[in-house]
Each structure stands twice: as C-alpha cells, then as structure tokens.
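Student: I have a model open and would like to learn how to read it. Please take me through the features one at a time.

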Amino acid sequence: MLFAGSSHAAEVVVYSARIEQLIKPLFDDFTSKTGITVKFTTDKEGALLARLLAEGKRTPADMLITTDAGNLWEAARKGLLQPVDSPILTANIPEHLKDPDSRWFGLTVRARTIVYNTQKVKPADLTSYAALADPQWHGRLCLRTSNKVYNQSLVAMMIAEHGEAETERIVKGWVANLATDPLPDDTRAMEFVAAGRCDVTLVNTYYFGRLMNEKPDLPLAIFWPDQDSTGVHVNISGAGITRYSKNKSDALKLLEYLSSVPAQQLFAELNMEFPANPQAQVGEFIRSWGTFKANPMNVAQAGALQAKAIKLIDRAGYR
C-alpha cells in the first residue's frame, strides 16, 4: 500500500490558492491514511508567491497549490519550486499537464471553452475559438476582462498554436464582435448570455458547472471547439514542492496522494473539474457535458508565452 500510516508525528505546510472547502477534505483523507497532518494557509496566488519570495529560506511552506499553469510556471521561474523525481507522479500525470522539469504537476483540469444560448445558437453554428472573430458574431460575443490570468493563458497558448500575427487577428476580431464591455468574471458573462444580451462566451468549465448546478433551467450549453483539429484548450490547477521545504519527504507523499485515483476523483468532484490522472473517473454531472478532445500542447506554454500574450492583448484593444 502506497500510503501506509506514519509512526511519528509529521506535518506538511501548504500554501494554497484554492479555498478551504475545495481542499480540506483531501487533506483530512490524506491524514487519515498516513498520520501526517496538513497545515495550510489560503490566499490569492499573487500574495502567496510574494510571501514565498519574501520568506526565502525561512519559509515554513513545503508545498504550493495554485490554479493556472501560468502561475505555476511563474513560481518555478522565480526559483520557488524544486524538481522532484517520482515514479508515481510520472505514472499518474500526463506529460502535457506537468512542468517539463518536474517542478510542478497538474492535479485538476479545466477546459476554457464556448458556452452558448441554446435559444439563439445552434451547435452547428459553432466551430472554433478563431471563428468567434468572424463577422457573423458581430455584437453577439461576451468576454471576461483580459486582466485575469485565465484569458491571458488562453491567448498565450493560442500564440504557441497559431503564431503571434494570427492570434492578434483573432483577438482583434473578438474585440470587434463584443456585445458589451468585457465583464468582471465568467459567471457574469454567462448570465449575460442567458439573458440574451449576447449569444456566446468563453468560460472555464467549472464556472458553467457551478452556475448550472444552482440554476439548471438557464438556456445555456457547452460547445467543445476545434474537435476536428487541435482540440479544446485546457489548463490546470496544480502543485509543487517549495524550494526550501523542511519536510520534502512527507510533502512528496502528499503530492503523490493528490495524484492517486481516489484523491483525483474527490478533487475533481469538489471542484467540478476534470481529473489530471486519466485513470480517474468524473461524476455524472460532469459526464453530462459530453466528451471532448483536448489540445495536447504542454500547459507550460501558458506561462512561457504569458508576457507576449499580455502585450498582444493590449495591442488588440482587449481590456
């Protein structure tokens, strides 16, 4: 058995950008299986990275958990995470969902996909992210503001896929097609779509899940774009062991546990996301959204091209 009980008192300290109710059940389960306690602090990802930088070698943190590969890439770039060698993680987490240098690993997957008004749009009208720049969508598109890392990462990965010139053309087309100024979050964008103020938007799938769980009668549905070509753009939440961890051994046990099938299924269910471990299953509610082909590009591109993406977004007039 991988997670045998510990014969000594041990503690792993986690800095987490995921809120307590989404992670505490996993930590409690890990403790029950291993005897290793988990002490955690939650905050915004920017604040946690700044804290790790300021603490340096004095940090009590053994692990960083955060959302978006762009944030994990930045933590690694700043030297806040250390590489780990783990056959368990190698087996459980696909190559495209982890750092090429093994400093961080995806734990849940979220697709950034199209959501549309079922009373105004037919699935046959939709094809790709790029097609939302076409004139037929003029005055029909809603987008979340560009200052959130989710859209920055999407554009970064589009640069890797299409090149800067073509991606800039697409983003300018999106801006030209906006029905209203960019909105503060994905949920608001979907509410505008449901109310008929626009017809389509781009959101992370778990926002769709949360909204439809609360209001199942809304005229909204998911469309999986680019299924005949590169596939849906996906991103992750993930974790890495901090550079100055005082308890790397137990932190690695926690990270390996989080990649295991039982933990992955619990993690995905709590977050309304998809497991990173392909052996884990999703719940009935998430299965109801349908299956899709995901883009196999390594999500590290979301960080590596983030600076270019932000400049491109600015040039395109996407606010």
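**Reading the model**

Tutor: I310 counts as partly exposed, at 41% relative accessibility. Buried means under 20% relative accessible area, exposed means over 50%, and partly exposed lies in between (1.4 Å probe, protein chains only). I310 belongs to helix α13, residues 306-315. Helices (H or I, at least four residues) and strands (E, at least two) are DSSP runs, numbered from the N terminus.

Student: What should I know about the source of the model and its numbering?

Tutor: This is a predicted model, in which local features need pLDDT of at least 70 and side-chain atom pairs count only at pLDDT 80 or more, while totals for chains, interfaces and linings use all residues. Residues are numbered from 1 along each chain as its sequence is written, and side-chain values use heavy atoms, with hydrogens and water left out.

Student: How many helices and strands does the chain have?

Tutor: The chain has 13 helices and nine strands. Its radius of gyration is 20 Å, close to the 20 Å that the globule rule gives for 319 residues, so the chain is as compact as a globular protein of that length. The radius is taken over C-alpha atoms, and the rule is 2.2 Å times the number of residues to the power 0.38. The C-alpha trace spans about 65 × 40 × 30 Å along its principal axes.

Student: What share of the residues is buried, and what makes up the accessible surface?

Tutor: Of the 319 residues, 56% count as buried. The accessible surface comes to about 13,300 Å², and 51% of that belongs to carbon and sulfur atoms. Such areas come from the Shrake-Rupley method with a 1.4 Å probe; for residues, only the protein chains shown count as cover.

Student: How do I read the contacts?

Tutor: Contact means heavy atoms within 4.5 Å. Among contacts in the chain with a separation of 6 or more, residues 24 or more positions apart account for 78%. A69, found in helix α3, is a case to look at. Leaving out residues up to four places away in sequence, A69 touches W104, N235, I236, V299 and A302. A69 is buried, with a relative accessible area of 0%. A69 and A304 are 235 residues apart in sequence and 9.6 Å apart in space, C-alpha to C-alpha.

Student: Which residues does M212 contact, outside its sequence neighbours?

Tutor: Leaving aside neighbours within four places, M212 is in contact with L218, L220 and F285. M212 lies in helix α8, residues 205-214, and counts as buried at 10% relative accessibility. M212 and N295 are 83 residues apart in sequence and 25 Å apart in space, C-alpha to C-alpha.

Student: How do I check the length of a helix?

Tutor: Compare its span with the expected one, which is 1.5 Å times one less than its number of residues. Helix α5 (residues 149-162) has 14 residues and reaches 19 Å from its first C-alpha to its last, close to the expected 20 Å. Helix α6 (residues 164-176) has 13 residues and reaches 18 Å, close to the 18 Å expected.

Student: How many residues of α5 are buried, and what do the buried residues of α6 pack against?

Tutor: Eleven of the 14 residues of α5 are buried, and the helix is mostly covered. Those buried include V149, Y150 and I159. In α6, the buried residues are T167, E168, I170, V171, G173 and W174. They pack against β5 (141-142), α5, β6 (200-204) and α13.

Student: Where do I find positive phi values?

Tutor: D68 has a phi near 75°, a positive value in a residue other than glycine. D68 sits in the loop between β3 and α3 (69-77) and is buried, with a relative accessible area of 1%. M272 also is a residue other than glycine with a positive phi, near 55°. The loop of M272 lies between α10 (261-271) and β9 (274-275), and M272 counts as buried at 15% relative accessibility.
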